[in-house]
Amino acid sequence: MKTWVFSTESDGAAAPSALEALSKAREFGGELGAILVGAGSDTALAQLGAHGAATVLHGPQTASSAVIAAGIAQAVAAEQPDLLIFGMGTLDRDVAGRLSARLGKPVLANAVDITVGDGTLRVANEILGGSTLVVTESAGGSPAIVITRPKVFAAEPADGGAPAVTALEAPDVGHADALEVLSQHAETSEGPDLEAAAIVVSGGRGMGDADRFAVLNELAGLLGGAVGATRAVVDAGWVPYSLQVGQTGKTVKPDLYIACGISGAMQHLVGMKDSTTIVAINKDSEAPIFGISDLGIIGDVHTVVPALVEALKNRG
Amino acid sequence: MKIVVCVKQIPDPASPYKLDPESYFVIRPNDQVLDDTDRYGVEVALQLADEIGEAASVTLLSMSPGGSQQGIRQALAMGADGAILVEDETLRGADALTTSQVLAAAATRAGADLVITGTESTDGYTGVVPQQVAELMGVPALTFARKVEHVDGKIRIERQTQAGYDVVEGALPAILSVTSGVVEPRYPTFKGIMQAKSKPVETLTAADLGVTPEVRQKIVSVEAVPGREAGDIVEDDGEGYLRIIEKLEEVKVV
């Protein structure tokens, strides 16, 4: 068994999704490696090594997904890995999709579990908002390409040392590479990191507008939590996309999730349903969010949330 | 410029879809609807075509059991010129890669300069079809676009990233995948709905496109997950916030 895990690099660190996948892949035994696209900092390489990668194929941040996929395809032909694991990031999905088409192998997406036994690879994924578990068997031959959901495996370092690094080839792919990144922009928010926060206060369309959404910043501040939002809210431009919780956004598993004016579309639920405690406030008693809430208040967010904020302030 | 927009007909999300107990394929009713997330791609295409003028056309491309074609007519009613429907019994249960092979072959056959897609479908959400189509067509992929411009014959986008966004520019022919929120999709007018009834829908099979579906993955089990149970759901009597404070105390947040 030979498994490779794909990682991007951000602020000199390997992707959390890659460290999670490496930790899981140690169970499979055999050889474990990583593909790192980024600056290739010592910290990122050490993290990948510590989590079990004996080898790292390193490609530059500037390469397009077409060139990266072509480079990986060359390495796959030479080294013949059995399994390639990607995360849900935008570059992960771009490279996994292109590689799938180039190799003629399927992508088993949205994995919440991977099992290997009797030479068969099986992937479990959840559909219908997590109410149904589907197990799919790879029948396309090696390598299998799997995209995993964030935080389904725990990242636990082993005693791995520094990995052996080789350069990822950058083949000429012609017109497929005819694009250019003109500029890069960070959209940051104050307070704790949404994905790591122990408390998340999230708002949906029911918050009304951007001005009225702002009360959630105050609530999150009082609780020491991070602010999240639904797709409808980021699409409306009330807050940056980086605060989106859900299928296309971030996946969070805080100790406490407070959903304000969120009806609970499946798209959103898959990103937060594994929170330890869920509190929801919504005026519609039929809102699906109540089906997974430990405490649900059927009421107007515009009265309940300000009252909660005042009460917390008075406690000091 | 020939713009091809990939659109999917899906079971109405208002009532959750079901899987066939034997094949595990999604049961597709006769009346499928347009996947809501595809309306954004159609709108982007129509706006680009308006800007370019008479030299531009917008063709829809869909792979699905046609049924009543309700979903395709919804997109035609927004203003697209015509549609290509790939309908074939052998494509039932096709995986994302087979779907991409069909879409890439049909888009190439149609002479597409720009292929527009959503980011992922609402029913299947594999989320890799745009990239697979790009690779199969040998063209650049401008993915996860939240803003689209046509600049000097190229397409420039704001690409959503984990940290924020990148401004990326690509040469045609190209694939463009858009997020919802890129534009506000128009509602069909009465005139548009009437015109959609007579717009051309060309029907093709997998064989017409030279695609032979392969089975590369197989569902081996489907089971219900023991769901999380709802706790106390109470009507706000003016003191609902106190119930929340109690819960915060219980979980030791305050």
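The expected span of a helix is 1.5 Å times one less than its number of residues. Keep in mind that this is a predicted model.

Q: What span is expected for helix H4 (residues 90-103) of chain A at 1.5 Å a residue?
A: H4(A) has 14 residues. From its first C-alpha to its last, the helix reaches 20 Å. That is close to the expected value, which is 20 Å.

Q: How many of the 14 residues of H4(A) are buried?
A: A residue counts as buried if 20 or more other C-beta atoms lie within 10 Å of its own. In H4(A) the buried residues include A:Leu91, A:Val95, A:Leu99 and A:Leu103, and charged ones such as A:Asp92 and A:Arg93 are on the list too. The helix is largely enclosed by the rest of the structure, because the buried count is 12 of the 14.

Q: Which residue just after H4(A) takes a positive phi?
A: Look just past the end of the helix. Phi is about 70 degrees there, and the residue is A:Gly104.

Q: Which residue with a positive phi follows H2(B)?
A: Helix H2 (residues 70-78) of chain B has 7 of its 9 residues buried, so it is largely enclosed by the rest of the structure. Among the buried ones are B:Ile72, B:Leu76 and B:Met78. The residue that follows has a phi near 135 degrees, and it is B:Gly79.

Q: Is A:Asn110 buried or exposed?
A: A:Asn110 is found in strand S6 (residues 107-117) of chain A. Its phi is near 60 degrees, a positive value in a residue other than glycine. It has 24 C-beta neighbours inside 10 Å, so A:Asn110 counts as buried.

Q: And A:Gln80, buried or exposed?
A: A:Gln80 is another non-glycine residue with a positive phi, near 50 degrees. You'll find it in the loop between helix H3 (65-79) and strand S5 (83-86) of chain A. The cut-off for exposed is 12 or fewer neighbours. With 10 other C-beta atoms within 10 Å, A:Gln80 is exposed.

Q: Which residues does A:Pro288 touch, not counting those up to four places away in sequence?
A: A:Pro288 lies in the loop between strand S15 (277-282) and strand S16 (295-298) of chain A. It counts as partly exposed, because it has 18 C-beta neighbours inside 10 Å. A:Leu269 is 19 residues away in sequence and 9.1 Å away in space, C-alpha to C-alpha. The residues it touches are A:Ser263 and A:Gly264.

Q: Which residue does a cis peptide bond join to B:Pro173?
A: Chain A has a cis peptide bond between A:Ser142 and A:Pro143, with omega about -5 degrees. A:Pro143 sits in the loop between strand S8 (132-138) and strand S9 (144-148) of chain A. In chain B, B:Pro173 is in the loop between S9 and strand S10 (174-178). Omega is about -5 degrees for its cis bond as well, and the partner is B:Leu172.

Q: Which residues touch the most other members of the largest nonpolar core?
A: This core has 117 residues, and its largest share, 8 residues, comes from H3(B). A second, separate core of 52 residues includes A:Trp238, A:Val304, B:Tyr241 and B:Leu248. Back in the largest core, the residues in question are B:Val5 and B:Leu176.

Q: How many residues of domain 1 of chain A are in contact with domain 2 of chain A?
A: Chain A is divided into domain 1 (2-177) and domain 2 (199-315). Their C-alpha centres lie 32 Å apart. Domain 2 puts 6 residues into the contact, and the number from domain 1 is 5.

Q: How many residues does chain A give to the contact with chain B?
A: Chain B gives 66 residues. By class, that side has 32 nonpolar, 20 polar and 14 charged residues. The number from chain A is 78.

Q: What is the bridge partner of A:Ala186 in S9(B)?
A: Strand S11 (residues 179-186) of chain A pairs with S9(B) in the antiparallel sense. The pairing runs over 7 bridges. For A:Ala186, the partner is B:Gly164.

Definitions and conventions: Residues numbered from 1 in each chain as written. Chains lettered and ligands numbered in written order. Predicted model: local features only at pLDDT ≥ 70, side-chain atom pairs only at ≥ 80, totals over all residues. Contact = placed C-beta atoms within 7 Å. Pairing = 2+ DSSP bridges. Helix = DSSP H or I, 4+ residues; strand = E, 2+ residues; numbered from the N terminus. Domains from an automatic or database assignment. Core = buried A, V, L, I, M, F, W, Y, C linked by C-beta atoms within 7 Å.
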